Amino acid sequence: MDKIVYGKIYTMDRENPIAEAVGISDGKIVYVGDSSGVEMEKADAQCEYCGGAVLPGFIDTHVHAIPSGLFMAGVDVSGENDIDGIIKKMKELGARTAPGQWILAAKFQDKNIAEKRFPIKEELDSVSTECPVMICHNDTHPFAFNTKAIEMLDLDPKMDGIEVDGDGKVTGFVTDPAFMDVSESMVDLFSDEELLQGYENIDKYAAGNGYTTVFTKDSYRVIKLLFDNQSRFKTEVKPMLRTRNCFDFQSVEKLLNDEELKKITCVCAFGDGAFDSYTGATVEPYEGNPDNFGTLFQTNDELYDYLELPYKNGLQVSCHAIGDNAIDQVLNVYERLHVAYPEDDRRPRIEHFEMPKKAAIKKAARLNCMLGMQPLLIEVCEGMDMEGYRCFVGERVKRCSPYRSCLDEGLVIGGGSDFSVTEMLPLRSAMICMEHPVEEERISLYETLEMFTCNAAKLGFMEHRKGMLKVGMDADIVLLEKNPFNVEPHQLSDIAVEKTIRAGKDVYIKE
Ligand SMILES: [Zn+2]
């Protein structure tokens with residue numbers, strides 16, 4: 001045996017939940033049981049004792065590798081109260097930035113600053129006229145550019161979502177549905193090496209937070225790049241193809257021609273946008289806005305035609321759906337796909353599933369959908385007091401993030417962060433799920449941990465080798481400083497990761 005980890009071991013295998021020792025050989029788990037069972041092996045193995053708790057390495061089912069990784073090198077403006085403060089922070093970063101390089105500001109929330117708006121082009125020009133400058137909303141959809149960036153990106157004033165002034169000139173503000181095209185054009189301006197270095201920021205952060213597997217939802221170029229350079233990373237990359245829109249058959253064709261990548265990649269579409277930008281598609285209108293029902297990004301038939309191509313080729317499909325109308329549309333499309341291609345175990349995914357109707361939860365369960373959900377959206381977007389979304393959806397906020405209802409219907413939920421929309425913090429996610437503002441939707445610590453381990457593995461058809469500590473599985477293990485089952489919920493997010501092991505190798509050790 002190469003290594004033995006001793007401690008209070010939570011295997012996340014309901015049939016054999018607790019153990020005292022895990023034995024590792026050649027990157028795989030070869031023993032799980034009481035400590036006396038590995039007594040004979042002790043002399044040759046590297047022995048490790050954990051005083052807190054040992055769990056399978058965490059899995060995040062929804063991360064935006066790029067541009068999030070690039071943004072980690074930018075400046076966080078979430079603490080600023082007004083545009084002056086934001087510009088000052090961006091200038092500080094600008095002073096350290098070489099001409100021609102991007103100056104990026106992330107985690108901006110227009111509703112949280114005095115002016116309640118994005119900085120305009122002229123304000124961003126004051127940061128730099130030689131460097132491209134971009135500020136991005138916390139939900140990653142709307143963003144704003146300076147003049148230099150507008151030139152480099154060659155923004156098309158006729159595109160829906162690109163704001164123009166009275167003279168038809170581009171203002172620099174971009175929102176749905178143009179955001180996807182524009183963010184992709186922006187990524188095209190970075191070299192492969194810059195993108196890989198950007199992703200290394202996330203990879204390092206993920207390993208430090210106990211993760212061993214990260215589902216990255218990105219363009220074909222990015223997932224191919226990450227997949228081909230997997231050996232550079234501490235965590236395993238599980239690709240999801242994020243396409244520009246429902247007419248981007250080109251990216252799907254490229255994937256279908258890639259024999260290796262297509263075996264492990266899920267194809268993701270977008271059903272709608274987000275409530276913050278009034279693009280989440282709702283059945284009833286937005287609060288105090290009787291004509292606004294958000295935006296369905298395409299018709300039922302368009303979404304069906306698009307997802308049919310990967311589906312009939314045996315690939316897993318997924319769709320981002322936040323509002324109840326978008327969720328209903330996605331479910332209708334999945335039902336049609338299921339009728340046309342009636343095979344078992346296709347596990348169509350829905351991302352976010354934020355405000356489903358009760359009937360949609362039942363229907364998702366009937367269609368064996370799996371859900372990629374992000375508990376920290378409750379804290380960051382909906383608000384623990386539910387005020388974050390009440391201004392958009394009123395009392396319907398109580399239907400958001402229905403964890404208990406989904407689990408009670410038998411749905412499999414894979415936990416995630418939507419990084420960089422929220423942080424990659426599974427224990428904080430557990431705390432939020434346990435303190436859900438709607439009491440009936442609370443779930444337990446154990447159930448949340450399942451979301452970030454064994455159930456997350458199911459979303460990627462990886463349950464035979466990931467998500468549990470079981471003989472034959474990958475030796476992906478996290479050692480926590482304290483036992484999460486022995487602390488109060490509010491102390492969960494203070495528990496540090498002591499060590500992260502991926503395929504038997506230490507990929508993070510706390511200093
Ligand atoms: Zn996302």
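These are my notebook entries on what I looked up in this predicted model.

I began with the open sheet, which has 8 strands in the order 6-13-14-15-16-17-18-19, paired in parallel. I then asked myself why one side of strand 6 and of strand 19 is left without a neighbour in the sheet. Strand 6 (58-63) and strand 19 (412-415) stand at the edges with a single partner strand each, so one side of each has no neighbour there. The twist from one strand to the next averages 25°. Looking inside the sheet, I found strand 14 (residues 236-242) running parallel to strand 15 (residues 266-270) and joined to it by 3 bridges, and I noted that Met240 stands opposite Cys266 in strand 15.

**Entry 2, helices 10 and 11.** I next followed helix 11 (residues 324-340), which lies across strand 16 (316-321) and strand 17 (349-352) and runs at about 160° to strand 16. Helix 10 (residues 300-312) has 13 residues, and its span of 17 Å from first C-alpha to last is close to the 18 Å expected at 1.5 Å a residue. Which residues of helix 10 are buried? I listed Leu303, Tyr306, Leu307, Pro310 and Tyr311, and I recorded that their cover includes helix 8 (249-256), strand 15, strand 16 and helix 11. Just after helix 10 comes Gly314, with a positive phi of about 85°.

The largest nonpolar core holds 160 residues, and within it Val22 and Val54 touch the most other members. Helix 6 (residues 192-208) gives the most to this core, with 7 residues. I looked up Val22 in particular: leaving out residues up to four places away in sequence, it touches Val5, Ile9, Ile29, Tyr31, Val32, Val54, Leu469 and Ile477.

Helix 6 packs against helix 7 (residues 220-228) at an angle of about 70°, and their axes are 10 Å apart. The two helices are therefore roughly perpendicular to each other, since an angle from 65 to 115 degrees counts as such. At their meeting, Asp192, Leu195, Leu196 and Tyr199 of helix 6 face Val222, Leu225 and Leu226 of helix 7 as contacts.

I found Ser493 in the loop between strand 20 (477-480) and strand 21 (497-502). It counts as partly exposed because it has 16 C-beta neighbours inside 10 Å. Ile432 is 61 residues from Ser493 along the chain, yet their C-alpha atoms are separated by 9.7 Å. Apart from neighbours within four places in sequence, Ser493 is in contact with Leu425, Leu427, Arg428 and Met431.

A cis peptide bond joins Phe419 and Ser420, with omega about 15°, and Ser420 lies in the loop between strand 19 and helix 16 (426-434). Lys116, which is not a glycine, has a positive phi near 55°; this residue sits in the loop between strand 8 (103-108) and helix 3 (121-125). Is Lys116 buried or exposed? Lys116 is exposed, because 9 other C-beta atoms lie within 10 Å. Arg347, again a residue other than glycine, has a positive phi near 50° and lies in the loop between helix 11 and strand 17. With 17 C-beta neighbours inside 10 Å, Arg347 counts as partly exposed.

Technical notes: Residues are numbered from 1 along each chain as its sequence is written. This is a predicted model: local features need pLDDT of at least 70, side-chain atom pairs count only at pLDDT 80 or more; totals for chains, interfaces and linings use all residues. Two strands pair if DSSP finds at least two bridges between them. Helices (H or I, at least four residues) and strands (E, at least two) are DSSP runs, numbered from the N terminus. Axes are lines fitted to C-alpha atoms, for helices over the stretch in contact, and angles run from 0 to 180 degrees between N-to-C directions. Two residues are in contact if their C-beta atoms, placed from the backbone, lie within 7 Å. The expected span of a helix is 1.5 Å times one less than its number of residues. A residue is buried if 20 or more other C-beta atoms lie within 10 Å of its own, exposed if 12 or fewer, and partly exposed in between; C-beta atoms are placed from the backbone. A nonpolar core is a set of buried Ala, Val, Leu, Ile, Met, Phe, Trp, Tyr and Cys residues joined through C-beta atoms within 7 Å. Angles under 35 degrees count as roughly parallel, over 145 as roughly antiparallel, 65 to 115 as roughly perpendicular and the rest as oblique.
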